[in-house]
Amino acid sequence: MATAQNATSASSGGAKAKDKKSQEEIYAEFQQLRNQQRNLINNLNTLELDLKEHKTVIDTLKTVESGRKCFRLIGGVLCEQTVEVVLPQLVVNKEQLEKLIENGKEQITKKGTEINQYKDEHNIKIRGQDTTPASTSEKENVEDKPAASGNRNVLVGNL
């Protein structure tokens, strides 16, 4: 009889462990989605910086004689070319960067939608994010409080 009680408690303990693992898996998948979104944003920022550099160089080269020598770094190798050769290549690269940036923005939007769906599907709430906007008087009261009030983003799951 004692073994039956032990088996029952072991099986119920196993079910709790299974549920807990499920919550851990949900949390891990959610964190993975958030990390993927962060990586997309970082890549987008890098592309935007490259685009800005391309625009600066193109604007500078437009003011220079087309036969003038210029140097271009291609795959870690510094190449000597003329402005008339480099300028069209830079314009093409700039157009490709613009397309990549647009594609990256779409991917970030899709990933955000996927994260929101995952949050809704698994009833995930993040501390520090209110679902309803606070009224202006509440916002003023929050701003009056010290910054070290412990308002941090923490993932909360229903256990």
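**Close-up 1. Lysine 111 and the residues it touches.** Lysine 111 touches Leu33, Gln36, Gln37 and Leu40, leaving aside residues up to four places away in sequence; contact here means heavy atoms within 4.5 Å. This is a predicted model, in which local features need pLDDT of at least 70 and side-chain atom pairs count only at pLDDT 80 or more, while totals for chains, interfaces and linings use all residues. Residues are numbered from 1 along each chain as its sequence is written, and side-chain values use heavy atoms, with hydrogens and water left out. You will find lysine 111 in helix H2 (residues 83-121); helices (H or I, at least four residues) and strands (E, at least two) are DSSP runs, numbered from the N terminus. Is lysine 111 buried or exposed? Its relative accessible area is 14%, so lysine 111 is buried (buried means under 20% relative accessible area, exposed over 50%, partly exposed in between, with a 1.4 Å probe and protein chains only).

**Close-up 2. The one aromatic pair of the structure.** Phenylalanine 30 and tyrosine 118 have ring centres 6.4 Å apart and planes at 15 degrees, so the pair is stacked. Rings of Phe, Tyr and Trp (its six-membered ring) pair if their centres lie within 6.5 Å; planes under 30 degrees apart count as stacked, over 60 as edge-to-face and the rest as tilted. Phenylalanine 30 sits in helix H1 (residues 2-62) and tyrosine 118 in helix H2, 88 residues apart. Phenylalanine 30 is buried at 1% relative accessibility, and tyrosine 118 is buried at 10%.

**Close-up 3. The hairpin of S1 and S2.** Strands S1 (residues 69-74) and S2 (residues 77-82) pair in the antiparallel sense over six bridges; strands pair if DSSP finds at least two bridges between them. Arginine 72 stands opposite cysteine 79 in S2.
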